[in-house]
Each structure stands twice: as structure tokens, then as C-alpha cells.
Amino acid sequence: MEKIPNKSHVLVLPYPAQGHINPMVQFSKRLTSRGVKVTLVTTNSVSKNMPKESGSFKIESINPHDDDDDSPPPEKLDESIVWFFNLVSKNLGAIVEKLSDSEYPVKALVFDSVFTWAIDLAHQLGLKGAAFFTQSCSLSAIYYHMDPEKSEIPLDGSDVSLPSLPLLEKEDLPSFIYESDLYPTLSGFIFGQNINFKKADWLFFNTFDALEKEVIDWIRARYPIKIIGPTIPSMYLDKRLKDDKEYGLSLFKPNSETCMKWLDSRETGSVVYVSFGSLASLGEQQMEELAWGLMMSDCYFLWVVRATEQNKLPEEFMSKAKEKGLIVNWCPQLDVLSHRAVGCFFTHCGWNSTLEAHSLGVPMVAMPQWSDQPTNAKFIRDVWQTGLRVKAGENGVVNRDEIASSIREVMEDEKGVMLKENAIKWKKLAKEAVDEGGSSDKNIEEFLSNL
Ligand code: UDX
């Protein structure tokens with residue numbers, strides 16, 4: 001059925017990191033495909049390599065307009081989040097004024113849920129506010145139960161039993177619970193996300209109903225959440241949107257041609273794809289174990305090692321790696337995961353990577369590092385049953401034998417066949433959710449009709 005164009009204008013404010021930008025840009029595309037104008041508000045350092053406009057999707061810099069400073073945010077997470085808050089609170093009002101247009105009035109601000117200050121700012125500017133959670137619903141439920149007034153999470157390392165969630169051991173909980181003193185400001189924002197449940201006009205979650213049914217039902221009985229994921233470009237799921245690739249927003253330059261050519265020359269299901277996302281940094285010893293573990297698995301591997309991590313690769317390994325592997329600084333992950341040659345994803349379990357693997361039907365070996373990743377790994381292994389999880393030794397390092405045997409189990413054993421079948425099952429359900437009339441699709445429609 002032909003949809004009536006919705007003449008609204010929505011501002012979208014992601015946390016300026018790859019794992020937060022991706023889902024919010026993809027969500028923006030779903031809005032523009034229904035005729036809504038979207039302006040992504042971000043820093044010069046993020047927007048500098050992007051076309052400023054693509055159809056009804058625009059990028060506006062939050063840096064003052066007489067300031068073409070494209071210096072990146074401070075490296076320390078805590079400093080960067082304060083830096084960003086100062087920029088936004090100083091400049092967002094002027095941006096809203098500049099973009100005001102009687103034909104397409106600015107109606108709402110969709111902001112990253114960790115910006116606990118954004119809902120008040122939106123309301124002060126006369127806009128509705130939608131918190132966008134770039135993590136799983138289960139994670140949000142855990143943070144919800146951490147509210148000091150409820151304090152349902154014992155911090156003595158004992159198992160944690162929470163409504164609608166599986167029993168969680170210490171190793172399954174988000175790292176911030178035990179490491180909040182390492183990033184006091186960021187942790188404050190992470191735990192403070194709960195404020196959105198009380199104040200925001202909409203609550204968006206990048207997940208899909210079938211994947212987290214129990215916890216979604218539990219939260220939904222209390223708050224009017226909207227499940228709108230997975231925000232994977234539709235062309236990977238159902239080929240509905242043809243222009244998706246035009247405005248992905250990558251902060252790293254992918255070695256696309258090299259990766260795809262190399263994959264094309266491999267047999268179906270013969271390659272392990274290895275990536276730790278945009279932020280995680282492995283210790284040197286861990287990097288060495290991973291390198292030799294990949295070699296020992298005797299499988300072909302495509303390993304993303306960001307430029308800043310390359311110096312940790314052992315020399316001897318580098319001279320041998322060419323026989324079996326391709327190492328790149330960054331790759332087009334969705335193209336890689338949907339390539340027939342990829343048989344397994346060795347992953348840090350960032351939420352986007354987790355959703356992408358499920359949506360594209362790829363079984364995993366989980367090696368979580370920090371933040372929400374341990375919880376995602378727990379679900380991958382025990383709830384969705386789409387992957388194995390490696391175990392670290394007493395020194396905190398996962399050794400090469402463990403790495404090699406886990407990979408072989410997924411690539412070669414019967415267990416791997418079962419994991420793959422499960423992954424394909426989730427793939428179908430992900431597609432159903434975003435297909436026209438699917439649960440996530442309907443929620444986006446409903447949001448737009450209420451704008
Ligand atoms: C972080 C957190 O880890 C994540 O759990 C949180 O919810 C969002 O922020 P990050 O660590 O970068 O993100 O991992 P992930 O969430 O997996 O996001 C990485 C994104 O970069 C994915 O969309 C992935 O497709 C993309 N990517 C990664 C590439 O396009 N190419 C690469 O080579 C590697």
C-alpha cells in the first residue's frame with residue numbers, strides 16, 4: 001500500500017562512536033524511506049568524510065559554525081562524554097532554530113540513551129524526546145535492577161537472579177558493574193539511562209521481539225518501549241532498500257575490495273571472521289595467543305586488527321599468516337558476514353556484531369572483553385545457542401589451545417551444525433521483524449503516525 005509521506009523533521013544524536021552511530025544511522029534511513037526528514041547531529045570529526053546530504057538525510061555538525069575544528073573527541077571515554085555534552089548543550093538550540101522550516105517542522109530529538117541529560121534539553125527546546133538504546137533489552141533490564149533504591153544486584157560476586165532473565169554468574173554481568181571506578185563519568189551515564197524510562201516520550205530498542213521475548217514482555221508491561229531492530233540495512237535482509245550503502249557512516253576506512261576478493265577465492269563455510277569491534281583493545285599476550293590459536297585451528301581466517309593494534313602482532317606469526325589468513329585494518333562487516341565463505345564469527349560480542357551475526361545466520365565463538373559484551377556472550381551460548389564461549393585461564397588470558405579447539409568445534413563438529421541451524425532460525429525471525437507489517441516495522445510506523 002502506498003504510504004502518505006510524513007512531513008516531519010527528526011534530529012538524531014548518536015554517541016560519536018562506531019557502535020552507536022551505525023544503528024542510529026540505519027534507523028534514520030528507515031525514517032527517511034517513509035518521507036521524514038532526518039538530520040544527524042554529530043561532531044566535525046565524524047562527519048568530515050561524509051557527503052553532507054543524501055536525499056532527505058542530512059548531517060549537521062554540532063561544532064559551532066564558525067569553527068571548522070575537526071579534532072577528534074578526547075581519547076579518554078570519561079573526558080569525551082563531558083566534551084560532547086558541553087558541545088551539544090551550547091549549540092543544539094542554534095541548530096534547531098536554523099533547521100526550523102514550516103513545511104518540515106523539527107518535531108523530535110532521537111538521542112543515544114546514555115545521554116541522560118538529553119531529554120531535558122529536548123523538552124527545553126520544545127521537542128519531543130526519544131531515547132535510543134544501542135544495547136540489548138536484557139542489558140537495560142540489568143541496569144534497571146541496579147537502581148540504588150532497588151539494589152537487586154549483590155556485588156559480592158554471587159549469582160544474580162532477576163525477573164525474566166536467566167541466572168547470571170559474575171562473568172555474565174556487564175563489566176561496568178565491577179569496574180565503574182575506572183570510568184566514573186561514563187558509568188554514571190550508563191547506570192543513569194534509567195531516567196529515560198521515566199522521562200522520555202519514546203524508548204527505542206535495537207533488538208527484535210523474538211530474540212528477547214521474555215525480557216521485552218517484562219519491560220513492556222511497565223514502560224511503553226518500542227522495539228525497532230535489527231537496524232541492519234534492509235538490503236542484507238530483504239533487499240527492500242536499494243540505496244542503503246550510500247550513507248553508511250564509517251569512521252574507519254574498510255579494505256573492501258581486498259577482503260571480498262580474498263573471500264571469493266575461498267570455499268563455502270571455510271573462513272573464520274575475527275573482529276573485536278571499534279573500541280576493544282587486547283593485551284599483547286592475548287593478541288599473541290589469538291594469533292597462534294587462529295593458525296592452530298588450521299582454518300582460513302579474515303582478521304580485523306585496527307591500525308592502532310597492529311604493533312601487537314607477533315613478527316613470526318606475520319611471516320606465516322599469509323598462508324592461511326588475511327589481516328586488515330577494517331572491513332565491510334555486513335558484506336563479510338553475509339559472504340558464503342564465512343563459516344564462523346570469532347567476536348567480542350558487541351551488541352551490533354551480535355545482532356548482525358544473528359540476522360545473517362552466522363554461528364559464533366564469543367570472546368567478550370568489557371561493557372555489555374559478557375552478557376551478550378552469555379545469551380549467545382546459553383539462550384540463543386548460536387555460539388561457544390571461550391574460557392580464560394587464571395591469568396585472565398584465553399590460550400591458543402582453547403581458541404583453536406573452539407573454532408574447530410564450530411567449523412567442523414556436529415555442535416557447529418546445530419549452532420548454524422539456530423543462527424539461521426534467528427535470521428528468519430529478524431527478517432520477519434523488519435519486513436513490512438513485521439513487529440519492528442509496525443513500531444516505526446506507529447512512532448511516525450504519533451509524531
Ligand atoms: C560498542 C559496544 O561494544 C557495543 O556492545 C555497544 O552496544 C555499542 O558500542 P563496538 O565495540 O564497536 O561497539 O562493537 P559493535 O557493537 O559490534 O559495533 C561495531 C560495528 O562496526 C558493527 O556494526 C560492525 O558491523 C562494524 N564493523 C566492525 C565494521 O563495519 N567493520 C569492521 O571491520 C569491524
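This is a predicted model: local features need pLDDT of at least 70, side-chain atom pairs count only at pLDDT 80 or more; totals for chains, interfaces and linings use all residues.
Which hand does the crossing of helix 12 and helix 17 have, left-handed or right-handed?

## Helix 12 against helix 17

The crossing of helix 12 and helix 17 is right-handed. Helix 12 covers residues 284-297 and helix 17 covers residues 400-412, and their axes, which come within 7 Å, cross at roughly 40 degrees. Because of that angle, helix 12 is oblique to helix 17.

From helix 12, the residues that take part in the meeting are Gln286, Glu288, Glu289, Leu290, Trp292, Gly293, Leu294, Met296 and Ser297, while helix 17 brings Arg400, Asp401, Ile403, Ala404, Ile407 and Arg408. Sorted by class, the residues in this contact of helix 12 with helix 17 are seven nonpolar, three polar and five charged.

## Helix 5 against helix 9

A second pair is formed by helix 5 and helix 9 (residues 213-220), whose axes come within 9 Å and cross at roughly 50 degrees. Helix 5 and helix 9 are therefore oblique to each other, and the crossing in which helix 5 passes helix 9 is left-handed.

In this pair, Cys137, Ser138, Ala141, Tyr144 and His145 of helix 5 meet Val215, Ile216, Trp218 and Ile219 of helix 9. The contact of helix 5 with helix 9 divides into seven nonpolar residues, two polar residues and no charged ones.

Where do the buried residues of helix 11 fall when they are seen down its axis? In helix 11 (residues 256-264), the buried residues are Cys259, Trp262 and Leu263. Seen down the axis of helix 11, these buried residues fall within an arc of 100 degrees, so they line one face of the helix. Glu257 and Lys261, on the other side of helix 11, are exposed. The cover over the buried residues of helix 11 includes strand 9 (271-275), strand 10 (300-304), strand 11 (325-328), helix 14 (333-337) and strand 12 (342-347).

Helix 7 (residues 184-192) has Leu186, Ser187, Phe189 and Ile190 as buried residues. Viewed down the axis of helix 7, its buried residues fall within an arc of 160 degrees, so they too line one face of the helix. Among the elements that cover the buried residues of helix 7 are helix 3 (77-99), helix 5 and helix 6.

## Charged residues and their contacts

Arginine 30 is part of helix 1 (residues 18-32), and because its relative accessibility is 6%, arginine 30 counts as buried. Although arginine 30 and isoleucine 228 are 198 residues apart along the chain, their C-alpha atoms are separated by 9.8 Å. When neighbours within four places in sequence are left aside, arginine 30 is in contact with Ile228, Pro230, Thr231, Ile232, Pro233, Ser234, Val434 and Ile444.

Aspartate 172 lies in the loop between helix 5 (137-145) and helix 6 (176-179), and with a relative accessibility of 0% aspartate 172 counts as buried. Not counting residues up to four places away in sequence, aspartate 172 touches Leu167, Pro374, Thr375, Lys378 and Arg389. Glutamate 432, in turn, lies in helix 18 (residues 414-434), and the C-alpha atoms of glutamate 432 and leucine 237, which are 195 residues apart along the chain, are separated by 9.2 Å. Leaving aside neighbours within four places in sequence, glutamate 432 is in contact with Gly438 and Ser439.

## Backbone details in the loops

Most residues other than glycine have a negative phi, and most peptide bonds are trans. Against that background, which form does the peptide bond from glycine 229 to proline 230 take, cis or trans? The bond from glycine 229 to proline 230 is cis, with omega near -5 degrees, and proline 230 has its place in the loop between strand 8 (225-227) and helix 10 (234-237).

Serine 164, which is not a glycine, has a positive phi of about 65 degrees, and serine 164 is placed in the loop between helix 5 and helix 6. Cysteine 349 also has a positive phi, near 70 degrees, in a residue other than glycine. Cysteine 349 is found in the loop between strand 12 and helix 15 (351-360), and because its relative accessible area is 0%, cysteine 349 is buried.

Terms used. Residues are numbered from 1 along each chain as its sequence is written. Side-chain values use heavy atoms; hydrogens and water are left out. Helices (H or I, at least four residues) and strands (E, at least two) are DSSP runs, numbered from the N terminus. Buried means under 20% relative accessible area, exposed over 50%, partly exposed in between (1.4 Å probe, protein chains only). Contact means heavy atoms within 4.5 Å. Axes are lines fitted to C-alpha atoms, for helices over the stretch in contact, and angles run from 0 to 180 degrees between N-to-C directions. Angles under 35 degrees count as roughly parallel, over 145 as roughly antiparallel, 65 to 115 as roughly perpendicular and the rest as oblique. A crossing is left-handed if the near helix is turned anticlockwise from the far one by less than a right angle, and right-handed if clockwise. Ala, Val, Leu, Ile, Met, Phe, Trp, Tyr, Cys and Pro count as nonpolar, Asp, Glu, Lys and Arg as charged, and the others, Gly among them, as polar. The arc is that of the directions from the helix axis to the C-beta atoms.
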